[in-house]
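Dear colleague,

Please find below the structure that I am handing over to you. My findings follow directly after it.

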Amino acid sequence: MKALVNQAGSVQAFVEQHIILDPEAHSTVGIILGGCVFDSHGTYKGKCFNGAVYGLKGEKLAEMGTTMATDAVSIQEVRKSGWELVTSIHDHKCSWIEPTTKWSRQSLISYLNN
């Protein structure tokens, strides 16, 4: 699993096979499909490109980190929850996002959960 980090370099989430996982709860909080970021309800929330995740207003939420996790997360469970999330997405339209250098005040997990 690859880490998603905040501006200070602290791990905010992990990505496994495009599925965004909460590192605390080990639950699926989102998914990245074709560069589009969706929350756990299948709602379009942002974009992932140039090694970063951006919110709808272009604010940076996270960057791909170098940390790799080797937690005992069940890959089968991750795949299952990811597939359930994919099947819940009905609107695949992703608006263009103009990235900014400004970091969001919200954490990635908080943003995806709201």
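Cys 94 lies in the loop between H1 and H2, where helices (H or I, at least four residues) and strands (E, at least two) are DSSP runs numbered from the N terminus. The model is a predicted one, in which local features need pLDDT of at least 70 and side-chain atom pairs count only at pLDDT 80 or more, while totals for chains, interfaces and linings use all residues. Residues are numbered from 1 along each chain as its sequence is written, and side-chain values use heavy atoms, with hydrogens and water left out.

The disulfide

The structure holds one disulfide, a term that stands for a pair of cysteine sulfur atoms within 2.5 Å. The bond joins Cys 36 to Cys 94, with an S to S distance of 2.0 Å. The link of Cys 36 and Cys 94 is right-handed, with 135 degrees about the S-S bond. Distant parts of the chain are linked by this pair: Cys 36 belongs to strand E5 (residues 36-39), and Cys 94 to the loop between helix H1 (75-88) and helix H2 (108-113). The two cysteines are 58 residues apart in sequence, yet their C-alpha atoms are 6.3 Å apart in space.

As to accessibility, buried means under 20% relative accessible area, exposed over 50%, and partly exposed in between (1.4 Å probe, protein chains only). Cys 94 is partly exposed because its relative accessible area is 24%, whereas Cys 36, at 7%, counts as buried. Cys 48 is in no disulfide; the nearest cysteine sulfur, that of Cys 36, is 10 Å away. At 18% relative accessibility, Cys 48 is likewise counted as buried.

Contact is taken as heavy atoms within 4.5 Å. Leaving aside neighbours within four places in sequence, Cys 94 is in contact with Cys 36, Phe 38, Tyr 44 and Lys 47.

Strand E5 and its partners

Both faces of E5 are covered: Cys 36 and Phe 38 are buried on one side, and Val 37 and Asp 39 are buried on the other. Two strands are said to pair if DSSP finds at least two bridges between them. E4 and E5 run antiparallel and are joined by four bridges, with Leu 33 standing opposite Cys 36 in E5. These two strands form a hairpin with two residues between them, and Gly 34 in the turn has a positive phi of about 55 degrees.

On the other pairing, E5 and strand E6 (residues 44-49) are antiparallel over three bridges. Here Cys 36 stands opposite Lys 47 in E6. E5 and E6 also form a hairpin, with four residues between them; Gly 42 in the turn has a positive phi of about 85 degrees.

The barrel

Which order do the strands of the closed barrel follow? Its eight strands run E1-E2-E3-E4-E5-E6-E7-E8, with antiparallel pairing. Neighbouring strands of this sheet are turned by 30 degrees against each other on average, direction ignored. Axes are lines fitted to C-alpha atoms, for helices over the stretch in contact, and angles run from 0 to 180 degrees between N-to-C directions.

Strand E1 (residues 2-5) and strand E8 (residues 60-68) run antiparallel and are joined by three bridges. Lys 2 stands opposite Met 68 in E8. H1 packs on the sheet, where it touches strand E2 (11-16), strand E3 (19-21), strand E4 (28-33) and E5; the direction of H1 makes about 70 degrees with that of E4.

Gln 12 has its place in strand E2 and is buried, with a relative accessible area of 15%. Beyond its neighbours within four places in sequence, Gln 12 is in contact with residues including Leu 4, Val 5, Pro 23 and Ile 109.

Aromatic rings

Rings of Phe, Tyr and Trp (its six-membered ring) pair if their centres lie within 6.5 Å; planes under 30 degrees apart count as stacked, over 60 as edge-to-face and the rest as tilted. By this rule there are two aromatic pairs. One of them, formed by Phe 49 and Tyr 54, is stacked, at 4.9 Å centre to centre and 25 degrees between the planes. Phe 49 counts as partly exposed because its relative accessibility is 24%, while Tyr 54, at 7%, is buried.

Finally, a charge sits over a ring if NZ of Lys or CZ of Arg is within 6 Å of the ring centre and within 35 degrees of the ring normal. The charged end of Lys 45 sits over the ring of Tyr 111, 4.9 Å from its centre.

With kind regards
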